[in-house]
Every structure is written in structure tokens, then in C-alpha cells.
Amino acid sequence: MNEEINNALQTLKAGGLILFPTDTVWGIGCDAQNSNAIEHIYKLKQRHDSKALICLVADDRMLKKYVKKIPEAALNIMDVTDKPTTIIYDDAQNLAPNLIAEDGSIAIRIPDDDFCFQLLRRFNGAIVSTSANISGFPTPKSFKEISQEVLKGVDYVVNLHHEKICSKPSSIIKLGNGGQVKVIRA
């Protein structure tokens, strides 16, 4: 695993795209502060850039770097949820402008996966993670379902967990600073 982390880190730091296993589905990832890399993801996925992307952080400490105010409800949700949950926060900061939604929000998940955790810790920053498919096509449930277009469009493919079957993407909850809670995807 260490060699795969090193290769992925080298690619991320060079502004490249990685294809990697997450706690949910295979993801296309890049440095969440690199606008050019994020633009490359939008082009690869053939996705309009007004559709926001998710990013991953290692822990609460890293989360604070990218969100001005973390609602108390977010910490409670993270403590009690037993499945991968992405939370959309108001007032994103320290991220590439084309990653932040038009309303200033950002979707962030703390993955429960050893590879992701180690990669995020060593990268010491947020990593974009969007499903490894072309926009409008089904999310691949396994590595073998990833299209050649996606495989050829990234700079590095992590060579781990190719046999893993992914059940579904994370739940998504939007939390407003005023205490509003909205389930986007259960």
C-alpha cells in the first residue's frame, strides 16, 4: 500500500488525476486546491462545472481548514452515522474556486478507509473525489466496470482493491449555518 500511496501523492502534487478506491465507489481524484486539475476532471467526466464535486478530508482537524464554521449538527451526524455520509457545508474556504458551488458551499466526506486516510494524511490536504464515470452513465460498482475513457483519462490508477464491489455512493446531507438540515441523497 505504501508504494501506491507514494505514486498517488506524486501524481496529485504534479497536478494530475488519480483513479482510486474510496470507502464507497471508485473515484477520480485531484488536489482540491488545483483549479486546472479540477477543470480536467470536469472535462473527463463531460460534466458541467456548475455541478459541484465532493472532496475528502482525513479528519475534523483537516475539515476546519476548508469550512469557516462547522455546525454542531455535523459533528453529531459524523459520530452517529454508520454509513458513508457526505455533508454539504456553507462558507467553503481555502479550496479552488471552481470546486466551490455557486452558493459558496462545499461537499466534504471523511472516509472510513485506510488507504484514503493514509493518502489524505500524507497529502495533508483535501482531495476531490467524484465517481469514476462519464456524466449521465451509471456509477461503476467495481473496477472492471470503469470505462476505458476514464481509465485513459487519468494520470495514475491505484493498484489496490480491484476486486472490491461497491454497493452505492455516500448519503449526502446539506447543513446550513442556521441549523437547517436537508437530505439530498439517502
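**Core, sheet and side-chain pairs**

Me: Which residues touch the most other members of the largest nonpolar core?
Reply: The model is predicted: local features need pLDDT of at least 70, side-chain atom pairs count only at pLDDT 80 or more, and totals for chains, interfaces and linings use all residues. Residues are numbered from 1 along each chain as its sequence is written, and side-chain values use heavy atoms, with hydrogens and water left out. A nonpolar core is a set of buried Ala, Val, Leu, Ile, Met, Phe, Trp, Tyr and Cys residues joined through side-chain atoms within 4.5 Å, where buried means under 20% relative accessible area, exposed over 50% and partly exposed in between (1.4 Å probe, protein chains only). Of the 58 residues in the largest such core, those that touch the most other members are Leu19, Ile28, Leu99, Ile108 and Leu119.

Me: What does Leu19 touch, not counting residues up to four places away in sequence?
Reply: Contact means heavy atoms within 4.5 Å. With residues up to four places away in sequence not counted, the residues that Leu19 touches are Trp26, Gly27, Ile28, Ala132, Phe143, Ile146, Val150, Leu151, Val154, Tyr156, Val157 and Val158.

Me: What is the strand order in the open sheet?
Reply: Helices (H or I, at least four residues) and strands (E, at least two) are DSSP runs numbered from the N terminus, and two strands pair if DSSP finds at least two bridges between them. The open sheet has 9 strands with mixed pairing, in the order β7-β1-β2-β6-β3-β5-β4-β8-β9. Each edge strand pairs on one side only, and these are β7 (156-157) and β9 (181-185).

Me: Which residue in β5 is the bridge partner of Ile54?
Reply: Strand β3 (residues 54-56) pairs with strand β5 (residues 106-109) in the parallel sense, over 3 bridges. The partner of Ile54 in β5 is Ala107.

Me: Which residues do salt bridges that share partners join into one network?
Reply: The side chains of Asp90 and Lys174 meet in a salt bridge (3.2 Å, N to O). Lys174 also forms a salt bridge with Asp103, the closest N and O atoms being 3.8 Å apart. That pair links distant parts of the chain, with Lys174 in strand β8 and Asp103 in the loop between β4 and β5, 71 residues apart. The network joins Asp90, Asp103 and Lys174.

Me: How many disulfides does the structure hold?
Reply: A disulfide is a pair of cysteine sulfur atoms within 2.5 Å. The sulfur of Cys30 is 9.6 Å from the closest cysteine sulfur, in Cys55, which is too far for a bond. Cys30 is buried at 0% relative accessibility, and Cys55 is buried at 0% relative accessibility. The number of disulfides is 0.

Notes. A salt bridge is a side-chain nitrogen of Lys or Arg within 4 Å of a carboxyl oxygen of Asp or Glu.
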